[in-house]
Amino acid sequence: MPDAILEERKGSIARKDGPGAGAAPVSCGKASVSGAVSQRACVFCGARVVLNPITDAFHLIHGPIGCASYTWDIRGSLASESELFRNSYSTDLTERDVVFGGLERLRAAVREIHLTHAPKLLFIYSTCLVGIIGDDVDSVCREAESLYGMRVINVKAPGFAGHKAMGYRLACEAIMKVISRRPAGSDRSPIPMAINVLGDYNLAGEAWIIENYFREMGVRVLTTFTGDSTYEKLMGSARASLNVVQCAGSMAYLARSMEETFGIPWVRVSFFGLADTANSLTKVADLLGDDGARQRAAALCQREIASASAGIEPYLPLLRGKKAAIFVGGGFKAISLMRQFRELGMGTVLVGTQTGTAEDYEVIEALSDPGTVILDDANPSELEAFMREKGADVLVGGVKERPLAFKLGVAFCDHNHERKAPLAGFSGAVNFTREINLSINSPVWGALRQRASLFDALPGQAGPAGPA
Amino acid sequence: MLDQTPKEIAERKALRINPLKTCQPVGALYAALGVRRCMPHSHGSQGCVSYHRTFLTRHFKEPAVASSSSFTEGASVFGGGANLRSSVKNIFDLYDPDIIAVHTTCLSETIGDDLNAYILEMEIPDDKLVVHCNTPSYVGSHVTGHANMVAGFIKYLADKRAPKNDRIGVFPGFVNPGDIRELKRLLGLMGLPFIMLPDQTGVLDGPMTGVYEMYPDGGTTIDEIRALGGARMALALGEFASTEPALALKTKCGVDSKVMPLPFGVAMTDSFLMALSEISGNPVPRELEEERGRLVDLMLDANPYFYDRSCAIFGDPDTVLGLASLALELGLRPRFLVTGTPGEAFEKRGSALLGSHGALGGARVRAAGDLFELHQWIKNEPVDLLIGTSYGKQLAKAENVPFVRAGFPILDRYGHAYQPLIGYEGAIKLAIKIADAIMDRMDRDCADEDLELVM
């Protein structure tokens, strides 16, 4: 174990078949240690990222400006119609509001929203400060609903109330509040061959790719939660015959709630990697119990796998034997990525998540090669120490990890908000391979290695780095 | 499609749409990264520091390391003293910085955590330091936070018994490492020894070596901050970002400061160099005279493309005032100057600047404004050029306006943190960018027969 590990963090780090093998799964879901340089975000962040892609909803951040500013148009979710959700709306609370309460300003802001945009759905996110000064936001919601005839949902998301996963849950509760209030007398019968896709945020248009697969299978997607969704689409979601859950970390709770409330069964799927995508489509056809869908899925998978494999094949010799490190938000994505690297002939030497569950970590451990390091809520020192120790060639992570990887001379692939090409589905697997390759085999690493011949003779200079 | 902004301007008293500021703590964090072997520490929920680090990383394309007190519900009820104590212990044990720079958040400010008392009472290893500043997120902006953190370092560390020395203090304001590098070059050319606080060069524009350093080779040293107490004087650049540090240095050590605008463009760089010349007794060297000459030559050559074109400029107050001064010198006609940072001083300074060039008529200068409002103004009075941060890109696309990126943050282009905007060199680069933006647009939009090879 590297030196730079806090005693309190040791329970969050495991090694497959290594020292401490067979120990309890990584102790996850704990609050971050005070003073740690955690990569983890807060309750508000969790709620905001899940709800943000509802494109025609108004997202009003009730608090000082920071929380609104940091979450302004950073989601990478694509929309087919309204771009409203890409603006930033807040009450921008000032000192006076802190002293006298922020309700007056909130009320006025809601009124201004109604007058200029008259949206059907408004989310009010109460941040840390509001949690402390105790504004009765619920009363404003009730009042606004009756005055303006729009749905107004209070998302009580003070950052101190837990970590990001708690925010996911709040977002799911907010969605349930919206979709549970169905108009009296509306048709509530399940629509055969109709599903919802949960936990897809349409980053780089991924939800559209998946929806196209389903359409070809004869399966109708009522809505995606929440990528490119609208109020109308959400309101129709309760009539699905099946809920298909892609990002379970954020959406398993919603799936369970919809099962309890509307009786919709659900299944976990993953559309990352060829095998997982094919298995997921087949599974959905099976669960819908439709032979036609099954046959169409089989034909689709066969065709797409052939085409994607041909796209991936030229890269295989360039990637074989390389070592990957994974640090992502949810456990299920980490699992898919491990499988995907295996498809590419690569090994995974480090797996970390921000919000993985005990079950996720069990699967991760089962899938791991001996010696693989498994981390919950890692910090940069740990990532650095273990990537160095394991000689990782590429890191898959989010925005904060990119420069860290580069500084270490390790290649990088963004599998978070800042992905620029769709990474889901069969075509996404080709894009993923291309991205891994372009980073691992970038000519820039050559320039970095070249440095050694110029400067290594000088004392105090570090040696060459970069993927070999 | 991106354009959801109505042309009709309705009165808005409470709703902030598309802000041109963010909260104090991120400014404090940025300032603290400009002190050598310093760990910035956010005393609040863990989400704050996660956002701040991400925000800085998106602008600088560099790691931005900082720690958090990671408030829980309990800390929010009973106070964050215990969290801060264990944070400080953990940070020194694990990350071994020389100094921890704590800033507060809306959360810890509102529950009334007394950082002075916490720090006085806590155990700090002998050779280590803990300093703090108050950065309530509901006051001012990220620029205020930067000013408060720099002032915080001075209040804790500047030593009034420090031996009198021949250096001057320089507070560079809220600028990029590229600007600070340029400031240092100018100070060097003028033969003036200095102490720069903060100094993010080498930290947030660190070179690629294949080795990750948690504390990169850069930043003002603690000894330098102490020695500020014996400095001849200080130059506080950027009224909004640097007045607070100047006041702190006067109060703590009796050292006087001269508050000046950021040296953007010809006139402001002239006064900056004049000040350096007066302080040092050295003449402005030939090298800088030539640089100035190249700038003026370029301005004259490209003048037909600048002259009388209207523009809108938005961003941080000191930067917008500097950009506006350069724009006026180029012959552009600034119609709208907007900052999100509150403070009437911006409106006064901006109006005075426009007035001094006879460009005030009908122009609007707005503090505590937002991008939505600017967009509405531009819809009602289109401009020929937009200058500002990345947040302007949707507006620029919606209104089909040539767009030059300058300021903080630049999230969607590379290399901006390297490029100075200040000094004659910065002005040359900016003038070229502005001319390129205007002329590229002319080439793109003109009829085939009007496309000129020589312009």
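Reader: Which residue stands opposite B:Arg16 in β1(B)?

Author: A:Ser90 does. This is a predicted model: local features need pLDDT of at least 70, side-chain atom pairs count only at pLDDT 80 or more, and totals for chains, interfaces and linings use all residues. Residues are numbered from 1 along each chain as its sequence is written, while chains are lettered from A and ligands numbered from 1 in the order in which they are written.

Reader: What makes β3(A) and strand β1 of chain B a pair?

Author: Strands pair if DSSP finds at least two bridges between them. Two bridges join β3(A) to strand β1 (residues 16–17) of chain B. These strands run antiparallel. The names come from DSSP runs, numbered from the N terminus: helices are H or I with at least four residues, strands are E with at least two.

Reader: How many residues does the contact take from chain A and from chain B?

Author: Chain A gives 63 residues and chain B gives 61. Two residues are in contact if their C-beta atoms, placed from the backbone, lie within 7 Å. On the side of chain A that touches chain B, α4(A) gives the most, with seven residues. That side divides into 37 nonpolar, 16 polar and 10 charged residues. Nonpolar means Ala, Val, Leu, Ile, Met, Phe, Trp, Tyr, Cys and Pro; charged means Asp, Glu, Lys and Arg; the others, Gly among them, are polar.

Reader: Why are α8(A) and α18(A) called oblique to each other?

Author: Look at the angle. The axes of helix α8 (residues 206–217) and helix α18 (residues 425–440) of chain A cross at roughly 140° and come within 8 Å. Axes are lines fitted to C-alpha atoms, for helices over the stretch in contact, and angles run from 0 to 180 degrees between N-to-C directions. Under 35 degrees is roughly parallel, over 145 roughly antiparallel, 65 to 115 roughly perpendicular, and the rest oblique. The pair α8(A) and α18(A) is therefore oblique. A:Glu206, A:Ile209, A:Ile210 and A:Tyr213 of α8(A) make this contact with A:Gly425, A:Ser427 and A:Gly428 of α18(A).

Reader: What makes α12(A) roughly parallel to α18(A)?

Author: Again, the angle. Helix α12 (residues 291–312) of chain A packs on α18(A) at about 10°, with the axes 9 Å apart. That angle makes α12(A) roughly parallel to α18(A). This contact divides into six nonpolar, three polar and one charged residues.

Reader: How do you know that the span of helix α18 of chain B agrees with its 23 residues?

Author: The expected span is 1.5 Å times one less than the number of residues. For residues 423–445 of chain B, that gives 33 Å, and the end C-alpha atoms are 33 Å apart, so the two agree.

Reader: Why is A:Asn202 called buried, and why does A:Met193 count as partly exposed?

Author: Count C-beta atoms, placed from the backbone: 20 or more others within 10 Å is buried, 12 or fewer is exposed, in between is partly exposed. A:Asn202 has 27, so A:Asn202 is buried. A:Met193 has 19, so A:Met193 is partly exposed. Phi is near 55° for A:Asn202, a positive value in a residue other than glycine. For A:Met193, also a residue other than glycine, phi is positive, near 60°. A:Asn202 sits in the loop between β6 and α8 of chain A. A:Met193 sits in the loop between α7 (164–180) and β6 (194–200) of chain A.

Reader: Where is B:Pro198 found, and which residue does a cis peptide bond join to B:Pro198?

Author: B:Pro198 is in the loop between β7 (194–196) and α9 (222–227) of chain B. The cis bond joins B:Leu197 to B:Pro198, with omega about -10°.
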